[in-house]
There are 4 protein chains.
Amino acid sequence: MSARDESREFAEGVGGRLNAPKSERYRRSVLDVEGRANRYVARYMLGSDLAYVLTATELGLTPPDDGRVLLRCLLDLLGDLDQLLAGGTALDIGVQREVWVLERVPKAVAARLHIGRNRGESVRNYLPRMFFRDALWRQYEATRELVAVLVAKAEPVLETVIPVYHHLQHAGMTTLGESLLSWASNFYAYLERLREADRRIDIAPPVMTSRRESVAIGEAVQRRLGFSRSAPLRQQMHVTEDQFAEPFFALLMVAVGIARLAEDLRIYMTSEFAFFELADRNASGSSHLPQKKNPFGLQAIIGSAAVGVGRLAAQLTMNISPSEELESVFQAASLYEQADDIIANTWFMAEIIEGGRFDTAEMGRKSGLGFAGAPTALDMLMFDADVPMRVAHHELGNSVRRLIAGDDVPDLAATIGAQLGRPVAIDTADVLDVLRGDRVPDFALNLPAVHSTFARLKADLAALAPRPNPVTSVLDALTAEAEAVLGSKETA
Amino acid sequence: MSARDESREFAEGVGGRLNAPKSERYRRSVLDVEGRANRYVARYMLGSDLAYVLTATELGLTPPDDGRVLLRCLLDLLGDLDQLLAGGTALDIGVQREVWVLERVPKAVAARLHIGRNRGESVRNYLPRMFFRDALWRQYEATRELVAVLVAKAEPVLETVIPVYHHLQHAGMTTLGESLLSWASNFYAYLERLREADRRIDIAPPVMTSRRESVAIGEAVQRRLGFSRSAPLRQQMHVTEDQFAEPFFALLMVAVGIARLAEDLRIYMTSEFAFFELADRNASGSSHLPQKKNPFGLQAIIGSAAVGVGRLAAQLTMNISPSEELESVFQAASLYEQADDIIANTWFMAEIIEGGRFDTAEMGRKSGLGFAGAPTALDMLMFDADVPMRVAHHELGNSVRRLIAGDDVPDLAATIGAQLGRPVAIDTADVLDVLRGDRVPDFALNLPAVHSTFARLKADLAALAPRPNPVTSVLDALTAEAEAVLGSKETA
Amino acid sequence: MSARDESREFAEGVGGRLNAPKSERYRRSVLDVEGRANRYVARYMLGSDLAYVLTATELGLTPPDDGRVLLRCLLDLLGDLDQLLAGGTALDIGVQREVWVLERVPKAVAARLHIGRNRGESVRNYLPRMFFRDALWRQYEATRELVAVLVAKAEPVLETVIPVYHHLQHAGMTTLGESLLSWASNFYAYLERLREADRRIDIAPPVMTSRRESVAIGEAVQRRLGFSRSAPLRQQMHVTEDQFAEPFFALLMVAVGIARLAEDLRIYMTSEFAFFELADRNASGSSHLPQKKNPFGLQAIIGSAAVGVGRLAAQLTMNISPSEELESVFQAASLYEQADDIIANTWFMAEIIEGGRFDTAEMGRKSGLGFAGAPTALDMLMFDADVPMRVAHHELGNSVRRLIAGDDVPDLAATIGAQLGRPVAIDTADVLDVLRGDRVPDFALNLPAVHSTFARLKADLAALAPRPNPVTSVLDALTAEAEAVLGSKETA
Amino acid sequence: MSARDESREFAEGVGGRLNAPKSERYRRSVLDVEGRANRYVARYMLGSDLAYVLTATELGLTPPDDGRVLLRCLLDLLGDLDQLLAGGTALDIGVQREVWVLERVPKAVAARLHIGRNRGESVRNYLPRMFFRDALWRQYEATRELVAVLVAKAEPVLETVIPVYHHLQHAGMTTLGESLLSWASNFYAYLERLREADRRIDIAPPVMTSRRESVAIGEAVQRRLGFSRSAPLRQQMHVTEDQFAEPFFALLMVAVGIARLAEDLRIYMTSEFAFFELADRNASGSSHLPQKKNPFGLQAIIGSAAVGVGRLAAQLTMNISPSEELESVFQAASLYEQADDIIANTWFMAEIIEGGRFDTAEMGRKSGLGFAGAPTALDMLMFDADVPMRVAHHELGNSVRRLIAGDDVPDLAATIGAQLGRPVAIDTADVLDVLRGDRVPDFALNLPAVHSTFARLKADLAALAPRPNPVTSVLDALTAEAEAVLGSKETA
């Protein structure tokens, strides 16, 4: 048996409770699948190992020399991690890193790595919580950038008139600024959800026994890993699995939001609309059709949101199971992958908006299509001539139908007056001008709100306090602490 | 044409922009489906009508007499609503309630009902927001009750030893109190999410034009309908549809949580476990097998969560669409139905826990199965005899395997001592006693944390401030205001 | 206690294994939810009751007079069914119909209704199988109609040139006929899937014991209910639940297909494309914007598919459970509702296509946008001038970029010739004409295939054998058989 | 610029229609994501390249020497493929393999690789169809093996009595053979669905123009890639995307089925049931709890099915989009990954069943729990004593309740006789014996059907004709053909 196989069998416990190595089919179905997550969580596993070894050594539970050997080894592994992962891993991270350690330090020392905790504590709690705290922080930064780009893009076009659609039918007019700031406003509110999701998973797993040593380890590790609270009861670790579901939902809401924006842009990019053009660096050619400029990036964003939705459903489905099960962990890689994609897509969407070109001339030209001024004309009849809403609505609708058919439109003052039994002050020609979009009264737009929202968003963005990444800062501190422990000895 | 058909065609706008009544297939595919939601939102539609009519009358935009006729009609419709709905509705609520009004007041007055707003404002904003604000409030109450029941059930069994499972294998011991309080603790944290979801949808839709009249109407209606803010920009109404997704997610997290609890109870109810018995009023017989006492209620809770997960996925899928689309609204009935089911199931789960019987004797008897004391024995070797973790783990695992096979277990002091090359102070007999669960050291349990958590939860529950329902209180106030307007006139 | 409550408690078995009526919360969470399915399956339940009573009487297991009383009662209930359902049902169908029977016949006779079967046999097997066999048949008819409408609509426009898009960018030209027949061809293949799904659920549940009487009942009932096979082993009833999943998938594939078509039409209906107009009877106005003609029907079709996808996911999720569970049944109503909606939407889509107007002039005008002739020009360079594909592609792409920018396009013969180091026979002006869509060579279209496919589809449709509905024909036969039994007695 | 970057920019078409290389964010969001699929489809891409080059050379469209250079290169790439993929690919496969070719052959020759097709033809049609035809074949083989293992496992236990559960409550008795053969019977029927799914995707994409050359290429390539038909119309390639959805559904049905089996086994593995033990090579230890033997494999199977369900939902969601979109392709890697996992899990489940141990003694001991003989007793009352079903059911249920409570059970003959007003021949003691499971009449089991089903399944399995893999056999033939072309030249 090779040294590597021997390490692996030792780490997997062959000869303990079980007396046979895993079958190939087991490896394929269980370890290969779970091991896919290693690229996302190995760093956190080694980080928490640092926290445990520092703590156990400090408490005198691990001999100082053994502790130093383990710390040195863990720091080295962290340095080599990208390379180790590139070589492929096909073990769950708990066993995998034990194998890595066994290959570098004596077995008797390696045997002290795994003190005071169980697998569930790591793979079901510390690791996903650290992954998602990092991911939520990154998503926060990306979302903030997207909002900032939208606000900057809106600034020169706050009053530039463009069409607005309901059900993809012309429904009136807006400005490009109002449209972009609407996205910015709604996305800005997502920052709060991301912070709340982080706060809810900022809770360390409980200690598994009430032995003095375990409690002391648990408290110190919680602090070292940057968690502000811990669960007091042991079954809290199992009875719900919100740490997988809620942060992913918070990310997914952004994914759905930017996919919705991508759906709009995709239509705006048609030759028929011709409202938006991607920067060349964000577009694709066609391998076959020489003339194409393809919005593959928009499609990737849309598809990613769809896959994310399916993955959230799968996550919630797995959470409906007996409370001590672990399906979530075996399948975590695809969850982490989707989370990473969502963050990347948010940055990408910010770049798309920043680099893309809105053809405001074309948007302006088409803003009156489809008798887009009709709601404004309706307001005129209702508020200036006191025509009951449904009467005004009916007559204007009828006029539109006649205009489309090429029929004469009867004088509105006469028709409506007859209907109401009183004279009404309606200038039909002016109403039809408005109806056709040839005249756009000020009140049809919403300019004061657009300007004030722009100012408020800019101020809000500027006022956002910088937030340090709660995970990378902890990993940095752990590395520094370990180096200090090793250094103090070496200088001693 | 019948009067009803005539009202319907008028309300549907035949003769305006369109010149034909809907086809039967259209009615089946569009109106029947959308109309399924009426039972959930008709009350809010009429409530917002009250708000609009009160406001428009107050502002002088609707003549006082017309306003009073409309208010009287709306109050009557609210009184007759259950009966109207029982008769079936197959129109979207906007048209449906216009038909109801047309059947009761002169057309010229009815024509003033619909001032200053569009369909999207109602069906995509005010109505779902009111539905979900009410639903979140009801879910909050149900969740609080569930937590209270769990805490009460835990009180007499805080120290009652029961098994704990990982992956459905015996993994140590806990107490029934710790287990029940774990559920309570985790569910208690859900209250915060429900409140946050409400805060995020507590935002009224924007006003559609910046005409003075529209703005005045919009502000007064927002206040009358109990919303603390409104969206300043018009496209904010469309560019995201979080009002459908996030509150449902907040409800669904509870659904998934109680389904997980139901999964545990379903296993506990087997003859083989025999840990839990449903009260007869919460159980089912079998129509064929006379001896059965079936956990249909648990299955209903589990299945409802699964359907809810699929419905959330569908909702998010629909939100990935061009921003001005309305799929969410056409399909809203099934969303509202699932939301209602989740709330009902939470109340039901509270009743199940309250009325069910845990067989603590049986739980105690089985708590030592599967060598459940092994983790405790491991702690003893690690912390009392300084045996490196992986060595201790290996030897104990080996001992368990031998005990199961009926083989002799070698003396642990000797085996481990030889391995470590130093004498170790291990009382093998005592370790095996612990291993088998014959002796349970205090530290294997977590009693101090159990007691303190119990006390804290009780105090937290007692300190929860009562929260008025933000929707029913508004509807009551609107009714009272309308009655006052009508009364003042009548007395005048 | 009222007579109705007494019947209900008797039917629910109070006083048997259980000794308390259901609680209100139980009724709300379990029975209300399951009872929602009654409108879809009550007819099949009564139909299978007819089959059982006819069989048990024929075999001498139920006394003839009791049998006749039951048959009369069942026929009456079938006649009154719509009315009974309109009154609301809040019991599962097994108990509900027992209550209905108890209200009409003496208890001693009613007690013989439920011979030789269990609830699972009905609610998990016969009923969903009958529902879906009927639904698959109806979906088959609707799909066939949709294909026929598409083929008919294609006939006059087989050679009418329109744009084709990839990624919503112009990608060449097709004909409206080719496009419509593509839908028809792909949907035609769905008929096979529907038939296969029916064949796979055409299997009766197993008999629960091997008693002679049970076997005899089982065989006769299977035959009477129109099933061609039965499962020989009893656990086959439980270990998979494909009867819920696969037929719904077969329906859903049509739902997704027509939603995809609706997505296209929705874009075609914009003012910017202006390719398609709904018939007025299939369109909606706006309650607020007088000028709108809204594609609510398309949105309803799209949203229904999304909800159907979520419901399929929920179904499969529920099927991942211990094999004897019944979640599928408690939640069946929403599955049946979606199935019905899909069938209705298919009929509706057929009407939309039939009544809608394609603006072929506008489609033709826009068919050359976006340098849609580029792939044709590419073929010319590759096949007529032997230019290696990637070279030709590069140069044409470059030309398009220059044309858009307003730059000069260098002579292609010169540029490419220089690059290949040999003269190439390229008429640049002609290539650019083709590129711009000003000339459309025949081979750019696909007319022979369009014509032959049209002919084949027409022939295939005409050759489709009529298929009787396998469920309604069985119900009719059972009713007739029961009437005959009753009649023979009455005449005797 | 490095040679690799230059190749990449050339392959990506920089300088053609677009004039800038992709941005980093584009690469991350689009190419990294799409490139994840390369490990699943690169072999098919190169295989179809072989087919195209062989065809174009044969037709004289590519010069023979160029053709030979390309063939040699493609064969070499196929040989090096695992190594190329291990190095990582971050381009879509169309560009990636063009880069690979550009690195090995002169640009002028490489430029001829891509004749007569577009990207959609490959990535949306040939590649997924080849992937899934291979996957369906492999799933067929795995499913057949699983059925064979179940049948073999059943053989010695056809008559071994075990409990049967409904809703996890004892519901009677079955034999282990009947149970295992039920799984085998239902899974056997899945083979048909797999074959049908293959037949439905065995259709080559249409030719994109009706030029003689294109048609000739298309027909030869279709034949060379092993497809029996091709789509005549060009939009058939787009208007539905069943090639992604239906084969995955066919695989997923197996995934759900084996997950359901895993759910049963997971409960059977508890200490409380103690019905089933995994082979050590298929089980896991715990990294912390020394005594554990964990069913991680079962959990992996269950979780994989859940993720697969979510992925199917995502797929269908993506199919609801404008018909020319490509979301499916960008996200294909996760679909292919899940498909592969399902096949692996099916093989793994076969190993689990084969290596696992059913504790038939324990199953037998527990088969009478929960008054499992009650349905048998019911049959006796109904059929031997002509007691109306509901009366018999009620009295037996009442007896069970009394027995559980420790109360006396009244004589059934007396009670029922009084109720019916006639003497009934009931031996109460015998009925109670049966009720308690102390006596099990033959008819309570289903032995004749068990034996005949066993014989039939064995015969059916033996009669299954071997089916060659439709994809690997094609790839082998293409390689051989290319080698022959090259060899004929070399020997010449």
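**Reading chain contacts and salt bridges**

Biologist: How many residues of chain D are in contact with chain C?

Modeller: In this predicted model, 109 residues of chain D touch 109 residues of chain C.

Biologist: How much area is buried between chain D and chain C?

Modeller: About 9500 Å² is buried between chain D and chain C, and carbon and sulfur atoms give 55% of that area. On the chain D side, D:Arg211, D:Arg260 and D:Arg390 lose the most area to chain C; together they make up 9% of what that side buries.

Biologist: What polar links and salt bridges are counted between chain D and chain C?

Modeller: There are 18 salt bridges between chain D and chain C. The count of residue pairs in polar contact is 68, with both residues at pLDDT 80 or more. Helix H13 (residues 242-268) of chain D gives the most to this side, with 12 residues. By class, the chain D side holds 51 nonpolar, 29 polar and 29 charged residues.

Biologist: How do I read one salt bridge?

Modeller: Look for a side-chain nitrogen of Lys or Arg within 4 Å of a carboxyl oxygen of Asp or Glu. Take D:Arg200 and C:Glu192: their closest N and O atoms are 2.9 Å apart, and they form a salt bridge. D:Arg200 lies in helix H10 (residues 190-201) of chain D and C:Glu192 in helix H9 (residues 190-201) of chain C, so this pair joins two chains.

Biologist: Is D:Arg200 buried or exposed?

Modeller: Buried means under 20% relative accessible area. D:Arg200 has 14%, so it counts as buried. C:Glu192 has 26%, so it is partly exposed.

Biologist: What salt bridge does D:Glu213 form?

Modeller: D:Glu213 pairs with D:Arg211, with closest N and O atoms 3.0 Å apart. D:Glu213 is buried, with a relative accessible area of 8%. D:Arg211 also counts as buried, at 8%.

Biologist: Which residues are joined into one network by salt bridges that share partners?

Modeller: The network joins A:Glu192, A:Arg193, A:Glu196, B:Arg199, B:Arg200 and B:Glu246. Inspect A:Arg193 and B:Glu246: their side chains meet in a salt bridge at 3.0 Å, N to O.

Biologist: Where does the salt bridge between A:Arg234 and B:Glu178 sit?

Modeller: In this pair, the closest N and O atoms are 2.8 Å apart. A:Arg234 is in the loop between helix H10 (212-224) and helix H11 (236-239) of chain A, while B:Glu178 is in helix H8 (residues 176-188) of chain B. Both A:Arg234 and B:Glu178 are buried.

Biologist: What is counted between chain A and chain B?

Modeller: Here 109 residues of chain A are in contact with 109 residues of chain B. The two chains bury about 9500 Å² between them, 55% of it on carbon and sulfur atoms. They share 18 salt bridges. Over all chains, a search of the whole structure finds 195 salt bridges.

Biologist: How far apart are the end C-alpha atoms of helix H13 of chain C, and why does that distance agree with its length?

Modeller: Helix H13 (residues 296-319) of chain C has 24 residues.

Biologist: How many residues of H13 of chain C are buried?

Modeller: In that helix, 24 of the 24 residues are buried, so H13 of chain C is largely enclosed by the rest of the structure.

Methods
Residues numbered from 1 in each chain as written. Chains lettered and ligands numbered in written order. Predicted model: local features only at pLDDT ≥ 70, side-chain atom pairs only at ≥ 80, totals over all residues. Heavy atoms only, no water. Helix = DSSP H or I, 4+ residues; strand = E, 2+ residues; numbered from the N terminus. Expected span 1.5 Å × (residues − 1). Buried < 20%, exposed > 50% of the residue type's maximum accessible area, 1.4 Å probe, protein only. Contact = heavy atoms within 4.5 Å. Buried area = accessible area lost by both parts, 1.4 Å probe. Polar contact = N/O pair within 3.5 Å; in protein donor to acceptor, adjacent residues only side chain to side chain. Nonpolar A, V, L, I, M, F, W, Y, C, P; charged D, E, K, R; others polar.
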